[in-house]
Each structure stands twice: as structure tokens, then as C-alpha cells.
Amino acid sequence: MTRLLLLTLFAVSLTAQEIALTFDDLPNHGNLPPGVTRVDVARTFVAALKPASVEFYGFMNAGRADGDAARNEVLRIWRDGGFPLASHSYSHMDLHGNNTEDFKRDIDQNEAALPQLMEGQNWKWFRYPYLREGDTVEKRREIRAYLKQKGYRTAQVTIDFGDYMWNAPYARCMANEDQQAVEELKSLYLEAAEDSLDAGQELSRLLFDRDMKHTMLLHIGAFTGLMLPDLLELLDDLDFKVIPLAEAHSDTAYDSDPDVATTRGETLLMQMALAKKLSYARHPDDAYEDQLDKFCR
Ligand SMILES: [Zn+2]
């Protein structure tokens, strides 16, 4: 092996990958195991994330908190933990099943609660529900322009392994007191997370010929709460440095707009692959869905 090659390998191994973690569907997401409340879940998240000392955005649907004391407490716990909130639309509206006027109204309606919760800090990030940016390019362009005009930045996703799919089997297995099945769910979750990181890196290299700064989609569900310490450890083992959302989005890879209709809800990288007619790895929803559905029936 030449000395130059050795030096190159050494340099590569020193370059950490970078990734932002984002959390959708505050204040409530997914099935709960018996005896676990939304407030418990929120506390688990804050306890697991705090040691990382990074700004983690939670994407909120105010419509799911309106008039509900426990759900409002979830938002308070998130804010008291030092983490910011931003918009995921008021009612978690699906842009594909609704018209642009209703969608704009839903964006607007979510703005009533955010300024007060955020006390002058930046809440003008928008995460599209289901990652559905428009089933036609006309809808996509209209909503993009609307968000831009209102001063929002789209919080894109480049890594998604469908973490939400683990909540229902977890709740069933806990109800059955089947701890061994829960252990299997845990290893499957970490396997899926690692797969998605590989797929994201592969697409980034294919599209940009380099490792971009990634953004991972997660949800405030009971199972991801349980898994966060292990997930953070996995990222560390794989040399991923966890960074704030704004830092990830400072990567120029986020500036390009693939300008395609989304079909099921695709990550930014999948949208770019669609635009360039490149094949991409399986949709995350398909990879583990059947397997998870069989747990603890
Ligand atoms: Zn969502």
C-alpha cells in the first residue's frame, strides 16, 4: 500500500459524517404501551436528548393540543428541556388529499400558538406532513412559494426509516408482557436505522459525489423514546456527529429543488432521484412493515 493511500484512508476515517435529528408530531404520536402517558414519553425524549447539547427541533401540530391539558404539558416539557418547536401544520393535513387553499389555512392556523411557545426564537421551519409536498408540481410550487413568502424554510429529510411503524407492535408486545419480542423489535429498529443511513449516504454520493450533511426524520412515539440512547450510540459508533437542523441545512445540497410531484411522501434525496430518473432504495415504509405487523398478534 502506498503511503499516499494510507494517508488518504487516515484522512477519510477522521472525517465525521454529520446529521441533524428532527422529531415530528408533537404533542402526540402513535400507540402507547399500557400505563405510559404522552407526558411520560415527552420526559423520556428530553432526558435522552439533553446530554447531546444540540438544538433539536420538534415539529408541532397545534390542532392536536387544543384544549388538552396533558398534550399542552408535552409542549411545555419540550420547551423547558431547551428544545425549539416549529410547524408541522395545524391538523397534520395531507397536501395530496387536500387543495392548496385549505393547506395554506392549516399552515396559518398553526401560527397562533408558536410565537408564545417560542418566545422570540425562530419557529419558521416547516415540515410537510407525510413528506408530501404536492401530488402535482403546480401544488408543490404554490405551497413552496407561499411558505417562502411567509418566511418559512422547509425542514427537509434525507434519512427516514419509518420509525413510527414500531409503536403499534411495541404497544401490543408490552400488553402481552412479551419482553423477548420487545428485544427483537429493538434490534430490528437499529438494523433499519443503520440501513437508512447507508441508503442516505449512497444517494448523497450518487447525487452530489460527496457526503452531505443529513437530516433524519423521527417521531415523538413511545418506541423511539425508548430507543433514543441506543440510536445516539449507533450514530456515534458509525462516526456520525449530531448537529443542529440549521447547520445541516447550510449544506448547499438542500438548495436544489427537484421540482417533482411526490407520490407517497419521499425524502429530498428520493425526490432528487425521481427527478433524475435514478432508481433508489426501497421506500422505508415497505422494508419492515410486514415483519412488524406480525409481532405479538
Ligand atoms: Zn407527521
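This is a predicted model: local features need pLDDT of at least 70, side-chain atom pairs count only at pLDDT 80 or more; totals for chains, interfaces and linings use all residues.
Colleague: Understood. Which elements do the buried residues of α8 pack against?

Modeller: They pack against β6, α7 (167-175), β7, α9 (222-237), α11 (268-275) and α12 (284-287).

Colleague: And which residues of α8 are buried?

Modeller: The buried residues include Leu 185, Tyr 189, Ala 192 and Ala 193. Further along α8, Gly 200, Leu 203 and Leu 207 are also among them.

Colleague: How far apart are the end C-alpha atoms of α8?

Modeller: They are 43 Å apart. Helix α8 covers residues 179-208, and its 30 residues should span 44 Å at 1.5 Å a residue, so the two values agree.

Colleague: What follows α8?

Modeller: Asp 209 follows, with a positive phi near 60°.

Colleague: Turning to β7, how many of its residues are buried?

Modeller: Six of the six residues in β7 (residues 214-219) are buried.

Colleague: Which way do they point from the strand?

Modeller: His 214, Met 216 and Leu 218 point one way, while Thr 215, Leu 217 and His 219 point the other way. In a regular strand, side chains alternate between the two faces of the sheet.

Colleague: Which strands pair with β7, and is the sense parallel or antiparallel?

Modeller: Strand β1 (residues 17-26) pairs with β7 in the parallel sense over six bridges. Strand β6 (residues 159-160) also runs parallel to β7, joined by two bridges.

Colleague: What stands opposite Leu 21 in β7?

Modeller: Met 216 stands opposite Leu 21. Met 216 is also the bridge partner of Ile 159.

Technical notes. Residues are numbered from 1 along each chain as its sequence is written. A residue is buried if 20 or more other C-beta atoms lie within 10 Å of its own, exposed if 12 or fewer, and partly exposed in between; C-beta atoms are placed from the backbone. Helices (H or I, at least four residues) and strands (E, at least two) are DSSP runs, numbered from the N terminus. Two strands pair if DSSP finds at least two bridges between them. The expected span of a helix is 1.5 Å times one less than its number of residues. Two residues are in contact if their C-beta atoms, placed from the backbone, lie within 7 Å.
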